[in-house]
Structures are given as C-alpha cells and as structure tokens.
Amino acid sequence: MAEGNYSTVTEFVLAGLTEKPELQLPLFLLFLGFYVITVVGNLGMVILIGLSSHLHTPMYYFLASLSFIDLCQSTIITPKMLVNFVTEKNIISYPECIAQFYVFCVFVIAECHMLAAMAYDHYVAICNPLLYKVSMSSQICTWMVLSVYGMGLIGATSHTVCILRLSFCKADVINHYFCDLYPVLGLSCSSIFINEVVGLCFCAFNIVVPSLIIFCSYIFIIASILHIHSTEGRSKAFSTCSSHIAALALFYGSTTFMYLQPPSVRSMDQGKVSSVFYTIIVPMLNPLIYSLRNKDVKFALIKLLVKKSILF
C-alpha cells in the first residue's frame, strides 16, 4: 500500500493499563480518586490565584499556568483511561486518537518548559532579589509563558504532521491507555524512521534543555541557601527545595525513561507504568508540593473562605 495520509484503520482499541479483570475495579476507583484530587487541586489553585490580589506575582502567575497545564493534561488522558476499566473494549477513532495525542503533546512539552521557567523565577528571587522586579516584570513573564506554549505547539505540530504521513493497515490495538507517540508508531505499516528521528530530537531538546536550566538554577539556589546564617532559615529553605526537586525528578525521570530510550530496549509495558507518573501522579502532586507549606497560599485560602462565609 502506498504511503500517505490514507489509512485503512478508522479506529483503534486502547489496551489499557492491565488486562487482569480482578484489578479493573480497584484501579478504576484508585485513578478516579487521583483524578478528582487533580481537578480539585489544580482548578482550586487557578481560581485562588485569580481571586487573591496579593498572589498576583510572577511566582504565582507561573504556578497558576502550571496548574492549568496539569489540569488539561490530566483531563485529556484520565477520563478515557477510566472508561477502559469499565468497558470490554475502549475504542477510539483515528481522528480522536490524533487529536488526543496532539493536545497531550502540547501540554506535556509546555510542562517541561514551565517547570524550567519556575526554577529560573526561584533563582532570580533568591539569588538576585534586588533585581527581581526588573528581571521578572509582567511583560517578561508574559513572554516566558507564551514561549512555553509556543514550544508545546511547535513540538506537537511536528510530531502530529509526521504521524499523519503514516499508514495504518492491519494492527489496531494500541498497547497503552492513551494515544502516545511510540505505541502509535508501533502499529504503522509504513517506515517510521523519520518519526523516530524527529521524536528523539524534539524529546531530547524538550527534556534535556529544561533539565539543565533547572539543575543550574538549583545549584545557585542551594549555594545561596548555604550562606544563610540562621539554621532554621536554612532548614526551611532546604525543605522547600527538596520537595520541588523531588517533583522535578519524578517528572523528568519518567519522561526520560519513556522517550529517550533506544528502540531496541524500549518496553511498552514498562513505558505504561512510567507514563502513569508524568500523566497522572505528577499533575496530582504539583499543587500539593508547590503550595501545601506555602503561607501565602494558606492565608489567601483562609481569607477567601472567611469572605465567602460572611457573604452567605
């Protein structure tokens, strides 16, 4: 069959996370709970930051953007995953699969660069506090956020255009719980060499470059913290940094395992487990990690709740 946009496969079947019937209901309840926490946590952060005027600073501007990204990323993946636990066959049409992949790709790439932007913001705030208002002006922050989404759109468009040139002519079962890059490529009856080269280049750029920015930022942040004379101050700063670093390691570690392995050693079953971390676990944990011990967020929440209780 000639290569091109034509595809004899009009729909795919998502294999899901597991085929064991006894695990379907427990996993459905578990991931439903994860999704509810993700929606409440991230949507709550966006609303809280939007309504609280004293949180209208660059740090919380980036945090609201991260929460929006996590909410969208989780929503494009988890509901379809939940369907797989309660139906015999989780069918997704070819256009829906391409659309799911495109939107997911936009937000996962955007998250990579948003985390780097947040790390840079922390670096400027801690290491150059006197220049913070100049270095992180509203105009600069807006351009940074637009650049983050621009990276996501460029990467997603490149991957999707490369997929649309492929033909799918026999196999229709995607060994995954959503339409991810390599599981979809594995079903193609066309040559996927160009797709793998483009995928490797873009994945390397979108993972390695933000990782280097984050690593360098935190090296300077830790060096500044070591100059703090107060033991209590150092302990508090290290505690905050350690939780952020743990979240970053979880996200970048799982994405690296999924996308930067050579094809000869790549395992789809292991990839599914790895994908759970950056598609479900990290979006759920981010609002907790970045705000749970934040006094400003707690104060804003209490103030908002008190204001609402007075109104009612």
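Trainee: At about what angle to S2 does helix H2 run?

Mentor: In this predicted model, helix H2 spans residues 58-86 and lies across both S1 and S2. Its direction relative to S2 is about 140 degrees.

Trainee: Which strands does helix H3 lie across?

Mentor: Helix H3 covers residues 94-127 and runs at about 85 degrees to S2. The strands that H3 lies across are S1, S2 and S3.

Trainee: Which strands stand at the edges of the sheet, and why is one side of each left without a neighbour?

Mentor: Three strands make up an open sheet with mixed pairing, in the order S2-S1-S3. Each edge strand has a single partner strand, so one of its sides has no neighbour in the sheet. The edge strands are S2 (90-93) and S3 (173-174).

Trainee: Which residue in S2 is the bridge partner of Val-13?

Mentor: Strand S1, residues 11-14, pairs with S2 in the antiparallel sense, and four bridges join the two. Within S2, the bridge partner of Val-13 is Ile-91.

Trainee: Over residues 197-226, what percentage of the chain is helix, and how far apart are the end C-alpha atoms?

Mentor: The stretch 197-226 is among those that an unreviewed UniProt entry annotates as "transmembrane region", and 140-168 is another of them. Over residues 140-168 the model has 86% helix and 0% strand, with the end C-alpha atoms 44 Å apart. Over residues 197-226 there is likewise 0% strand, while the values asked for are 100% helix and 43 Å.

Trainee: Which element gives the largest share of the lining of the second largest pocket?

Mentor: The second largest pocket has a volume of about 340 Å³, and of the 16 residues that line this pocket, the closest to its centre are Gly-41, Met-45, Ser-291, Val-297 and Leu-301. The elements giving two or more residues to that lining are helix H1 (21-51), helix H9 (268-291) and helix H10 (295-311). The largest share, seven residues, comes from H1.

Trainee: How do the residues of the lining of the largest cavity divide into nonpolar, polar and charged?

Mentor: The largest cavity has a volume of about 170 Å³, and among its 15 lining residues the closest to the centre are Cys-105, Val-108, Ile-109, Cys-203 and Tyr-259. Two or more lining residues come from each of H3, helix H7 (193-226) and helix H8 (231-259), and H3 gives the most, with six residues. By residue class, the lining divides into eleven nonpolar, three polar and one charged.

How values were computed
Residues are numbered from 1 along each chain as its sequence is written. This is a predicted model: local features need pLDDT of at least 70, side-chain atom pairs count only at pLDDT 80 or more; totals for chains, interfaces and linings use all residues. Side-chain values use heavy atoms; hydrogens and water are left out. UniProt positions are given in the numbering used here, feature names are shortened, and annotations may be inferred rather than shown by experiment. Two strands pair if DSSP finds at least two bridges between them. Contact means heavy atoms within 4.5 Å. Axes are lines fitted to C-alpha atoms, for helices over the stretch in contact, and angles run from 0 to 180 degrees between N-to-C directions. On a 1 Å grid over the protein atoms alone, a cavity is a set of points where a 1.4 Å probe fits but cannot get out, and a pocket is an open set with protein on both sides within 12 Å along at least five of seven lines; lining residues have an atom within 4 Å of a point. Grid points are joined across faces, edges and corners, and a volume is the space filled by probe spheres set on the points. Ala, Val, Leu, Ile, Met, Phe, Trp, Tyr, Cys and Pro count as nonpolar, Asp, Glu, Lys and Arg as charged, and the others, Gly among them, as polar.
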